[in-house]
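Hello,

Here is the structure I promised to pass on to you. My notes follow just below it, and I hope they are of use.

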Amino acid sequence: MIHELKTWDEFMPDIATGKKRFEVRKEDRNFSLGDHVILNGWNMLLSEYTKDKILALITYKLDGGQFGIKPGYCVLGIKVERIYY
C-alpha cells in the first residue's frame, strides 16, 4: 500500500539525506511494515505544496500507548527509495 502524506518542507532535506529516518504520525491510515509513504513537501506559511516529493519504505513501526507516544499515534522508521524534485 502507498500512503500520501503532507510533510513540512523544513524536514524534507533531512529526510532526503537520511539524517531523519522516522516519521511521527497519527495512526489513521493503518500503516504496516512494507508499505510505502510518499512524503509531499508542504509550506506551512503559504498553505501549499512544494515541488519536493520523497518515496520511502516503512521499515519499522512503534505504536503509541508506550514510551511516551500518545495512543492513536505511531513512529514509523523509513528508508528513502526515491527523491523527486
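**Charged pairs**

Lys61 has a relative accessible area of 23%, so it counts as partly exposed; the class lies between buried (under 20% relative accessible area) and exposed (over 50%), with a 1.4 Å probe and protein chains only. Before going further, please note that this is a predicted model, in which local features need pLDDT of at least 70, side-chain atom pairs count only at pLDDT 80 or more, and totals for chains, interfaces and linings use all residues. Residues are numbered from 1 along each chain as its sequence is written, and side-chain values use heavy atoms, with hydrogens and water left out.

Lys61 forms a salt bridge with Glu27, their closest N and O atoms being 2.4 Å apart. This pair links distant parts of the chain, 34 residues apart: Glu27 lies in the loop between strand 2 and strand 3, and Lys61 in strand 4 (residues 48-63). Helices (H or I, at least four residues) and strands (E, at least two) are DSSP runs, numbered from the N terminus. Glu27 is also partly exposed, at 24% relative accessible area.

The structure holds five salt bridges, each defined as a side-chain nitrogen of Lys or Arg within 4 Å of a carboxyl oxygen of Asp or Glu. Among them is Lys20 with Glu23, at 2.5 Å from N to O, and both of these residues are buried. Another joins Arg29 to Asp28 at 3.8 Å; Arg29 is partly exposed at 36%, whereas Asp28 is exposed at 54%. Through shared partners, salt bridges also join Lys20, Glu23 and Arg25 into one network.

**A buried aspartate**

Which residue is buried yet has no salt bridge? That is Asp35, whose nearest side chain of opposite charge, Lys61, is 8.0 Å away (Lys and Arg count as positive, Asp and Glu as negative; His and the chain ends are not counted). Asp35 sits in the loop between strand 2 (22-26) and strand 3 (36-43). Its side chain does make a polar contact with the side chain of His3, at 2.9 Å; for this term, a pair of N or O atoms lies within 3.5 Å, one able to donate a hydrogen and the other to accept it, and residues adjacent in sequence count only if both atoms are side-chain atoms. Beyond neighbours within four places in sequence, Asp35 is in contact (heavy atoms within 4.5 Å) with residues including Met1, Asn30 and Leu57.

Best wishes
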